[in-house]
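Hi,

Here's the structure I said I'd pass along.

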Amino acid sequence: MAADSANRSRWRGTLRAACLVASLFCTAAWAQGSDPGDYPTIAGINSRLAVWIAAQLHLMFAAFVLAVPMFAVFIEFLGWRAEKTDRVAARRHDWLAHEMASLLPVAYSLTAITGALLGFLLFTAYPKFMHHLTGVFGPTFIVYPLFFVAETLCLYFWYYGWHRWQGDKKWFHLLLGLALNVFGTIVMFIADAWATYMMTPAGVTEQGALVSLYDAVWNPGWMPLNIHRLVANVTFGALLCSAYAAYRLLLSDDARERALYDWMGYTGNLIALFTMLFLPFAGYYFGFELFAFSATYGVTLMGGVLSWLFIIQAIVIAVLFIGAAYYSWLGLLRIPGSEAQQRWSPVFNVLLIAGFAVWATPHTMAASIEESTGGFHPVLGALGVMAPKMIAVTLVLVVLYASYLLYRRAGRVPTVGWARTGTTVEWGLVGLMAVTIAALGIFGYFAPAHIRIKTSIWQIYVLIGGIAATFFLDQALLRGAKTVAAVRWGTMPRRGQYVLVLLAVVIVWLMGLMGYARSGARLNWHVFGIMEDTSPNAGLPSLGEAALVITLITAIFFALLAVAFAVAGMARGTDERALVELSPQGEPQ
Amino acid sequence: MTRLRDAWRTHVPLPTSVVLIVAAIYVALKLVRPVIPGSVILLYMGFVIAGATIHVTLDDARIRRFLDFFVEVSGREPRAIRAQRWALLAVIPLVLGWWVYDALRPKYAPPVEIFQRHPTVGEEVLKRVTVPAWAADPAKWRAEDVAVGKRLYEANCAVCHGEKLDGQGPAAEGFRYPIRPANFTDAGTIAQLTLPYVYWRLTVGGIQNQFNSAMPKWTASDAEPDASTLHSNDLTSDEAWKVILYIYRGSGFEPRRE
């Protein structure tokens, strides 16, 4: 009997998952209290779910094609600058930029296809809402395709004209790349205006009649989302490029090719880590504007239905950072003679894990009847508040920075006369930074709330100040340092490449999660406070269902991306002679 | 120091150390009282096991050291080492097996409850709440209103929410599941809320969580004629506002502005 009921509950789980998928295709199509003409069903599809999936996929490909040109053009520029001083480095950078760009044409088509699908779904399944949106944003709907076409043209000329505009015509090629970026950014800003208008509408009357198009575009959420998306897209694009590099490295049996792709993965990971540091601030800025617009957003996101998403987010971000750090520790293995640096990795590992465990400790916990202490745990609750989390996360950043310092030092011997004292002072400063941050945090823990906010700001100051000081000290210290062992690119253990792939999967999933949070926060509104969603599907799914859909989106995205990767890989027959010259040696800049 | 480490290494091979550390952390977490919810232990152990995996795979020599312990049997090794190998080979599958069994066996407890600190309410509902002029601006709250609020609070709310507004009233321990009475001095409760929301929460909002929370519904009798008899407590809307003024004054927070 018992086994039977267990079996049945297992079955029910499977059944629920099946139902979720099935509901994509058939939904009871009767609307309550709304004109059925407002929400026609297309072929029995659950329109809300379909729009969710199409929008998220479109957004991810759009993010990719927007972000990759940003750093690809920058890397190309670096190569161009190095042309006079170091020809090999120049060619290597040019190769890398081109390699990244080679992913773009297919990704571009996928952006357009998913975009068309999204547009089709919106116009057929949500005619009333789209009528409203066109009424408000009419002119932008005309400008948008123009910029999109301009962006496309720039991309194709930039990518396919790569080898034609080399040498003294390179400046023109770079200019084309710049134009591509400018048009791409404009396209995103226009689309952001629509998305943020739905969250924080402005420039219309309470009935939704247009008063000022300017205000509707520049609504309170517009700039914050623009900034947040720009930064996050670069992180996202860089991690996907790293994953591509990992994929190529794992497939390759040519040592020189492996060296190049190893370097590509390393560069992508570095770009991602650097931009990731700014993301929390961009996120807070966006959040502040939302909360200022309506207290409902504050309640929904911080204590209400969607607050659990942020606990999941904390864990996922921890996975990202730990993975990136692990990758950098494995990176030491490709530098012969870095044993002194490698000895620190296990210590850093413990600190990082402990720090993130504190950071991800929830303030309110999910508990069964026997375990329940009423949503708040007297011991863990003390870890779940701001002060210990600030200590944890700033110390984690110190550890990551220290890893970076060690990596710079690996295989190099300083030659300046004051090397010994310099090194002592440098690590003394790093230690002092850590101690000060912890002390400030402990002081803040026992202080009243308004002082605690100040101590956490001071922790950031100490962190930035400490990093700046030691960074310049380190630059001076390693000036003219003797390189005793060059980086042996391509010799990193294969598991490092799998980490890069994992990081790409995690960032895609995270992007899906946060996309859901942003859009779901509107609750039952198409346009918050102005146009209500009265369709039969207007409810929020449960956490589990949302996670399933996000996972499904991630899977579809990677299936499509795999096609793009394969096509890009097919198109790029590597030039044997070029490789000999290109293989990166020594420290990349 | 190094001598000690070397001695440890010869007598306790890497796999044993890893398993011992993971087990020690697990036991330590299990020993904390009041118990740490299983969901949180799972989270922590996820981090610990990830850390252990990273530790073992930091370089190839370590991986070899870990695997060779199970594979490279020399036959001349001390008995203690052999005992450790067999112990690990027995313990690891047993633990995994237990884990699977435990996840699959039928349980009769209600599912784990994920509680929302603040039930979600539509903007249109909150718009209908009008804040009286004398309650709208914290700078202009009259001391006598707050004093009336304090009396009402002590009579009606303190049993649960505590004299000091810290959620530690004499009855609080009785309401542990799924959530205990709110601690108003914690930055996560009323400090996050606007006045209309708190008013709604006090007079109507309980209804959403009626079977989930001990928080009664303090119906203002004139405004809600058909209030539920189960959760009806009489506070006029004037009184309700005064209690709200007091919980903010008493906890030192200000209501969130709209």
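Below is what turned up on the nonpolar cores, the aromatic pairs and the charges over rings.

Keep in mind that this is a predicted model.

Cores to begin with. The largest nonpolar core has 136 residues, and the members touching the most others are A:Met100, A:Trp158, A:Phe236, A:Leu352, A:Phe557 and B:Phe47. Helix α2 of chain A (residues 47–82) is the top contributor to this core, with 14 residues. Another core, of 34 residues, lies apart from it and includes B:Val121, B:Leu195, B:Tyr199 and B:Leu202.

B:Phe47 is worth a click: leaving out residues up to four places away in sequence, B:Phe47 touches A:Ala318, A:Ile322, A:Ile353, A:Phe356, A:Ala357 and A:Ala360.

On to the rings. Over all chains there are 44 aromatic pairs. Take A:Tyr244 and A:Tyr247: their ring centres are 6.2 Å apart and their planes are at 40°, so this pair counts as tilted, falling between the 30 and 60 degree cut-offs. Both sit in helix α8 of chain A (residues 222–251), 3 residues apart, or about one turn of the helix. How exposed is each? A:Tyr244 is buried, at 0% relative accessible area, while A:Tyr247 is partly exposed, at 31%. Ring pairs also join these two with A:Trp95, A:Tyr261 and A:Phe565 in a cluster.

Last, the charges over rings. A:Arg92 has its charged end over the ring of A:Trp263, 4.9 Å from the centre. In chain B, B:Lys242 lies over the face of B:Trp134, 5.7 Å from the ring centre.

Cheers

Conventions. Residues are numbered from 1 along each chain as its sequence is written. Chains are lettered from A and ligands numbered from 1 in the order in which they are written. This is a predicted model: local features need pLDDT of at least 70, side-chain atom pairs count only at pLDDT 80 or more; totals for chains, interfaces and linings use all residues. Side-chain values use heavy atoms; hydrogens and water are left out. A nonpolar core is a set of buried Ala, Val, Leu, Ile, Met, Phe, Trp, Tyr and Cys residues joined through side-chain atoms within 4.5 Å. Buried means under 20% relative accessible area, exposed over 50%, partly exposed in between (1.4 Å probe, protein chains only). Helices (H or I, at least four residues) and strands (E, at least two) are DSSP runs, numbered from the N terminus. Contact means heavy atoms within 4.5 Å. Rings of Phe, Tyr and Trp (its six-membered ring) pair if their centres lie within 6.5 Å; planes under 30 degrees apart count as stacked, over 60 as edge-to-face and the rest as tilted. A charge sits over a ring if NZ of Lys or CZ of Arg is within 6 Å of the ring centre and within 35 degrees of the ring normal.
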